[in-house]
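User: I'm new to this structure and would like to learn how to read a helix and then some charged pairs. Can you walk me through it?

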Amino acid sequence: MNIDGTPTRTLRAHPGTRVIDIIDQTRLPHALHWVRVGTLDEAAHAIRAMQVRGAPLIGATAAYGLAIALGAAADDAGLEHAFDLLLRTRPTAVNLQWALTRMWQRLQPLPPGERVEAAWREAAAIADEDVAQNLAIGRHGLRLLRQVPRRHGSVLNLMTHCNAGWLATVDGGTALAPVYAAYDAGLPVHVWVSETRPRNQGLLTAWELAQHGVPHTLIADNAAGILMREGRVDAVIVGADRIAANGDVANKVGTYLKALACADNGIPFYVAAPRPTLDFDLTDGRYIRIEEREAGEFRHVHGIDAHGQPSALQQLPDGEAVANPAFDVTPARLVTAIITERGDCPASPAALQALYPEESHG
Ligand code: MRU
């Protein structure tokens, strides 16, 4: 994506000095602030604290985190320690496990002296593949979007939840890839962006849509239903953190409610995700571990103060009980289609198997 007119990825690798630069997404949309990551602990912190977030970017950052860690200790113990530490950072997005396992399988058979260079190459391959997959998702998604009936004049009114865009990937986005493709192809498109409490990833979506010039409107999460009933939403498109073999989809909490409202209003509900987000080892969504994040995220609202400085306000009285599940699972029956880099398919075990025949589990 272009930031202020310059093509930019969300993660810059410097293999020569064995560091990476990431965007601190906790500072957006108020400040575009790059952070240098040069140790295993910094990489783990960046993922845990959501300086980087979004399933594909979490995976790519973990891969680079492993490469960084091997610079300090490339023996088996060092590899295992880095793998375990990074794997524990966030539980729901399977891209993390996928990227670390791929790194492990590539590196473990090598002598320690060859691991560091190989790790940087493999992490770069993971990052490049993410970019290519998202481009392909954009192409396939655009084909679907062209067929969506428009209820309000010529403009295609889409809705998304959370941020599954450029910021959630190395480049291009998953759910937003078809949106960018549509906009670039000259389709008149407008996006309803739900705020996505409590972390407000919708603000990230609004920020990057603005960078690309895509018309959009922010809404409170609870406004989705009324907009759908009024015929002001033609389709919903979201990303995913993990898709089980039967097509059940884990994504940011609140996704399920949007899918239910789509079903009630006859609105297509699309999920865009690349192969690393598919978990063929899980038969269905009941087995997906949902991350429960700390209550502080909910107790405070974050923004900037009158001087433009980051600031937090406590919104709940001390001692108020808080539950903060970060994701939910949308059953496959509510999903109109899954859009992957190989094309789109119904959310069913047979259709996913047909798209990825090499994943057959017998
Ligand atoms: O908690 P987050 O911000 O990492 O959650 C992100 C999402 O739920 C995204 O929709 C998902 O990871 C897909 S990103 C292409």
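User: Which residues of H7 are buried?

Analyst: Keep in mind that this is a predicted model. In an α-helix there are 3.6 residues a turn, so residues three or four places apart point the same way. Here, the buried residues of H7 are Gln201, Gly202, Leu204, Thr205, Ala206, Trp207, Glu208 and Leu209.

User: What covers the buried residues of H7?

Analyst: Several elements do, including strand S1 (2-3), helix H6 (176-184), strand S7 (189-194) and strand S11 (249-252).

User: What span should helix H7 have, and how far apart are its end C-alpha atoms?

Analyst: Helix H7 covers residues 201-212, and at 1.5 Å a residue those 12 residues should span 16 Å. Its end C-alpha atoms are 17 Å apart, which agrees. Just after H7, Gly213 takes a positive phi of about 85°.

User: Now the charged pairs. How many salt bridges are there?

Analyst: Side chains of opposite charge can pair when their charged atoms come close. The count here comes to 18 salt bridges. In one of them, Arg36 meets Asp21 at 2.9 Å, N to O. Arg36 lies in strand S5 and Asp21 in strand S4, so the pair ties together parts that are 15 residues apart in sequence.

User: Is Asp284 buried or exposed, and what about Arg286?

Analyst: Asp284 counts as buried at 14% relative accessibility, while Arg286 counts as exposed at 65%. These two form a salt bridge, with the closest N and O atoms 2.9 Å apart. Elsewhere, salt bridges that share partners join Arg90, Arg199, Glu291, Arg293 and Glu297 into one network.

Methods
Residues are numbered from 1 along each chain as its sequence is written. This is a predicted model: local features need pLDDT of at least 70, side-chain atom pairs count only at pLDDT 80 or more; totals for chains, interfaces and linings use all residues. Side-chain values use heavy atoms; hydrogens and water are left out. Helices (H or I, at least four residues) and strands (E, at least two) are DSSP runs, numbered from the N terminus. The expected span of a helix is 1.5 Å times one less than its number of residues. Buried means under 20% relative accessible area, exposed over 50%, partly exposed in between (1.4 Å probe, protein chains only). Contact means heavy atoms within 4.5 Å. A salt bridge is a side-chain nitrogen of Lys or Arg within 4 Å of a carboxyl oxygen of Asp or Glu.
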